[in-house]
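Here is a structure to look through together, with a few questions about the terms used for it. Let us ask what stands behind each one.

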Amino acid sequence: MNKKFVYTSLALALSFGAMAQDKNAIKFSAPVNKDRAYQHLSILASDEYEGRETGKKGAWMAADYIKKQFQSFGLTGPVKGSADPYFQKVGLVTYDITQSALSINGKPQAAKDFIIANSSVGMNGLNLSANEIVFAGYGLTKEGYNDLEGVNVEGKVVMVFSAGDPTAKAPEGQAQNPRAAMQARAKMIGNLVKNKAKAILLINVNFDNVPDYEKAAAANGRIMLKNEATAKALQKPITYTSITISPAVANEIFKAANTTVEAVAKKISETGKPASQAINVSIVANAQKKEVEHRGENVLGFLEGSDAKLKHEVLVVTGHYDHIGLELNPNAPDKVNNGADDDGSGTTGVLMLAEAFAKAKKAGKGPKRSILFMTVVGEEKGLLGSEWYSENPVFPIANTITNLNIDMIGRGDDGRPGDNNFVYIIGSNMLSDDLDRIGKKANADYVNIVLDEKYNNRTDPNQFYYRSDHYNFAKFGIPVIFYFNGVHKDYHQPGDEVSKIDFPMLAKRAQLVYYTAWELANAEKRPVVNKNEDGTPKTN
């Protein structure tokens, strides 16, 4: 290759790169730096914030902190009709079991000896009664061993061991893999439901060792949105009832068959044959549940655009401020899941961008389009805060040009050891080739970080495109970019601490989002959506 040609081309490329840079964008990027990142994250991911679990004190503290930062930058609260214009109240509810009872042959069983699954109780309560219980061993149906052979479970209350396989022998000294055990139990229950059992009693031989907090969690419902989708889900009939019972309750049932839990298990183990049988015994189970509201809010800071026409278009920058809260095990050595990376780092990124753009506006160099900086709640519970906003937008969805979502930008990926100079971009070309071009050009012009598109597809086994808040915008046809550093050994663990954050890289990734946002907010036209949700080209 001609060496002179190489040098000339390089010089031209560099000159074009310099010409592409906006001096104001560079000037006002100053707040997006590692020191400012540390200031925010050392507070948000401190033990005092108790892991920021949705509906709990730590999340409320985080929301208050973010709001005060938005106020200090000069952003306005855009939520009309709210007690606090910076807070969009999210309709969060659980449906918790408030009382439950179980009796065998008219004898009430102690509350500490059974758990009625929350999913087994509808809003009208549970009323289960039967005069016969079918014991079906381990509920297994496999070659050479079939607990259900010759057994009719349709419409019956069926009792089985919650785990185990008498035909499988684990290597000596090696316990069964918990995930494998969970999958086996799900398969067993699915098989019983397929055979139309109306209720399943799961004998947990280790029930007495189950911590009280785990038993209480089984009765409490998961947090969900109080919306139309939830209302429809609650109207669906309960397909089967699941009750986990202790050996003491199981023995009350086996008493009618003149045997015990231990004797039946031993018999099956020694003979290698099922011991399924019908037991004439009465069972009555009752439960009630009620709706419980939980506090949660998206925190919104609004910066109005400077252009009379373009200011009606809105760029939305998001990160979720919630995490998974405290360790429930009282013996845990570290009781706080601090969530420094997930997603204290993303929340910190949103705050730094908000400060930078606010300073630009104060200097008369603000963006032409409006920008909504929004930290959302409930991501860890199922993208709830962003779903609520997409269904109840403060600014019309039609006027929303793009969502830039930041979820974990403070660490590296265990799959890329020793190399943090990257960021995964996901979704950038899913709906808009324009957005993909703008995001990549901003990187080339200002930041020069490695853009890894490993997960930028709909068939990724991890399904990352669907697992963070951007997706609740994408499903409405809004182009998105999700910025992500991948998972690591401390993901959803107490080890996700501030001390392990790579602050220079957090700042560099945030700068990429900042420069991309600058280009989007000041461009002559919004990104054209030229693809359908499934990625196929749009046709006029």
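D113 lies in the loop between β3 (107-108) and β4. Please keep in mind that this is a predicted model.

Q: Why does D113 count as buried?
A: Buried means under 20% relative accessible area. D113 has 9% relative accessibility, so D113 counts as buried.

Q: Which residues does D113 touch, leaving out those up to four places away in sequence?
A: The contacts of D113 are F207, D208, T244, I245, S246, A248 and V249. Among them, T244 and I245 are also buried residues of β12.

Q: What makes strand β12 (residues 241-245) mostly covered?
A: The count is clear: 5 of its 5 residues are buried. Both faces of β12 are covered, with T241, I243 and I245 buried on one side and S242 and T244 buried on the other.

Q: How do you know that β12 pairs with β4 and with β10?
A: Two strands pair if DSSP finds at least two bridges between them. Strand β4 (residues 114-116) is joined to β12 by 3 bridges, and these strands run antiparallel; I116, for one, has I243 of β12 as its bridge partner. Strand β10 (residues 199-203) and β12 share 5 bridges in the parallel sense, and here I200 is partnered by S242.

Q: Why are β4 and β13 (277-279) placed at the edges of their sheet?
A: The order of this open sheet of 6 strands is β4-β12-β10-β9-β6-β13, with mixed pairing. Each of β4 and β13 has a single partner strand, so one side of each is left without a neighbour in the sheet. Direction ignored, neighbouring strands of this sheet are turned by 25 degrees against each other on average. For β13, the pairing is with strand β6 (residues 133-135), antiparallel over 3 bridges, and I133 has I279 as its bridge partner.

Q: Which strands does helix α8 (residues 247-254) lie across, and at what angle to β12 does it run?
A: Helix α8 lies across β6, β9 (157-161), β10, β12 and β13, and its angle to β12 is about 105 degrees.

Q: Which strands stand at the edges of the sheet of 8 strands, and why?
A: This open sheet has the order β1-β15-β17-β16-β18-β21-β19-β20, again with mixed pairing. The edges are β1 (87-89) and β20 (450-452): each has a single partner strand, so one side of each is left without a neighbour in the sheet. From one strand to the next, the twist averages 25 degrees. Inside this sheet, strands β15 (residues 297-303) and β17 (residues 370-376) run antiparallel and are joined by 5 bridges, with F302 partnered by L372 of β17. Helix α4 packs on the sheet, touching β1, β15 and β17, and its direction makes about 5 degrees with that of β15.

Q: Why are α4 and α10 called roughly parallel?
A: Angles under 35 degrees count as roughly parallel. The axes of helix α4 (residues 57-73) and helix α10 (residues 340-362) cross at roughly 15 degrees and come within 9 Å, and α4 and α10 are therefore roughly parallel to each other. Their crossing is right-handed. On the α4 side the contact involves Y65, I66, Q69, F70, S72 and F73, which meet T347, V350, L351, A354, E355, A358 and K362 in α10. By class, these residues are 8 nonpolar, 3 polar and 2 charged.

Q: Why is helix α11 (residues 384-391) described as largely enclosed?
A: In α11, 7 of the 8 residues are buried, so the helix is largely enclosed by the rest of the structure. These buried residues are L384, G385, S386, E387, W388, Y389 and S390. They pack against β1, β2 (92-104), β11 (224-225), β15, β17 and α13 (471-474).

Methods: Residues numbered from 1 in each chain as written. Predicted model: local features only at pLDDT ≥ 70, side-chain atom pairs only at ≥ 80, totals over all residues. Heavy atoms only, no water. Axes fitted to C-alpha atoms, helices over the stretch in contact; angles between N-to-C directions. Helix = DSSP H or I, 4+ residues; strand = E, 2+ residues; numbered from the N terminus. Parallel < 35°, antiparallel > 145°, perpendicular 65-115°, else oblique. Left-handed = near helix turned anticlockwise from the far one by under 90°. Contact = heavy atoms within 4.5 Å. Nonpolar A, V, L, I, M, F, W, Y, C, P; charged D, E, K, R; others polar. Buried < 20%, exposed > 50% of the residue type's maximum accessible area, 1.4 Å probe, protein only.
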